[in-house]
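Welcome! Here is a short tour for anyone meeting this chain for the first time. Take a look at the sequence and the model, then read on.

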Amino acid sequence: MALLSILTPVLAVLLCLVIGFMLLKPRDTGSKTTTAVKSNFRPWVDQDLQDNTEIRAREEDDGDWVDSNEEEEALPHIPYSPVRYSDETMLERSKTFYALMNQRRSVRFISPEPVPREVIDNVIHTAGTGPSGAHTEPWTFVVVSDTEIKHQIRLIVEEEEEMNYRQRMGEKWVNDLSRLRTNWIKEYLDVAPYLVLIFKQTYGILPNGKKKTHYYNEISVSISCGILLAALQNAGLVTVTSTPLNCGPQLRLLLKRPANEKLLMLLPVGYPASDATVPDLKRKPLDEIMVHV
């Protein structure tokens, strides 16, 4: 009994240590897991917008990625003094620009009439002024005017789009589009004088062959596309924004684009056809799209 009375406190202490160890162990594991997740987290990759061809290479495990100390030196800052307008001029310019952009519509009836190539060069040059993550400029604009290549693009798009409408998109999506009278027939892909295919560069490739991270590449290229739409409207041209579902890999191969480029958008560009029509849509008023705090 004396021996038992001596051992009881010792056993109690040992039992407490075992329980404490068991409670602390999962916490340590969880901490390590959290650390691992954080180290793999790349907020500049737009997870909600990735397609099934997105590159998911782990930068820290891939020796082909450029080291941060191999990056270019810090850029010097230079004075920036844009034109400043009076309040009256600002108001007038903002109204004029809104009136111009409010005329923008998605037009599916495009004239085959030629458009000066220099105009296309200028609007794409304008799109290239968009902001991008770490100024990586992760966009490639492929301009197609060759008749045969345009037709091949149409064949690829229509084949996939018919499958989309009949099987992939679902009844609700198809019904929502029916009021706009759209379908998988894309005659404008043959007719428009230019097709502009916008590719996002999921990463850059340096002259030495190493890969360079392109932060927020999809958001950056999407902003650039918005500027392109404004530039086309300003030039008096029309287009319809097209995101060809499941066509990206085939079109990338057709146009001989590298593996780091993924198709984001396809724009047929030209003048509107003389008999062009558009749905009689109404835009939301300002108080439905803006919240002033």
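## A first look at the chain

Of the 293 residues in the chain, 32% count as buried, where buried means under 20% relative accessible area, exposed over 50% and partly exposed in between (1.4 Å probe, protein chains only). This is a predicted model, in which local features need pLDDT of at least 70 and side-chain atom pairs count only at pLDDT 80 or more, while totals for chains, interfaces and linings use all residues. Residues are numbered from 1 along each chain as its sequence is written, and side-chain values use heavy atoms, with hydrogens and water left out.

The chain holds nine helices and five strands; these are DSSP runs numbered from the N terminus, with helices (H or I) of at least four residues and strands (E) of at least two. Read from the N terminus, their order is α-α-α-β-α-α-α-β-β-β-α-α-β-α. Among contacts with a separation of 6 or more, 81% join residues 24 or more positions apart, a contact being heavy atoms within 4.5 Å.

## The largest nonpolar core

A nonpolar core is a set of buried Ala, Val, Leu, Ile, Met, Phe, Trp, Tyr and Cys residues joined through side-chain atoms within 4.5 Å. The largest one has 21 residues, of which Phe141, Val196, Ile198, Leu228, Leu267 and Val269 touch the most other members. Helices H3 and H7 each give two or more residues to this core, and so do the strands in this table:

| Strand | Residues |
|---|---|
| Strand S1 | residues 139-144 |
| Strand S2 | residues 194-201 |
| Strand S5 | residues 261-269 |

H7 supplies the largest share, six residues. Another core lies apart from this one and has 20 residues, including Val107, Ile110, Leu189 and Leu255.

What does Phe141 touch, leaving aside its neighbours within four places in sequence? Phe141 is in contact with Ile124, Ala127, Val196, Leu197, Ile198, Ser224 and Leu228.

## Two helices that pack

Helix H3 (residues 117-127) packs against helix H7 (residues 217-234) at an angle of about 145 degrees, with the axes 8 Å apart. Axes are lines fitted to C-alpha atoms, for helices over the stretch in contact, and angles run from 0 to 180 degrees between N-to-C directions. On the H3 side, Val123, Ile124, Thr126 and Ala127 meet Ser224, Ile227, Leu228, Ala231 and Leu232 of H7.

Glu162 sits in helix H4 (residues 147-168). Glu162 is partly exposed, with a relative accessible area of 30%. Glu162 and Ile185 are 23 residues apart in sequence, and 8.1 Å separates them in space, C-alpha to C-alpha.
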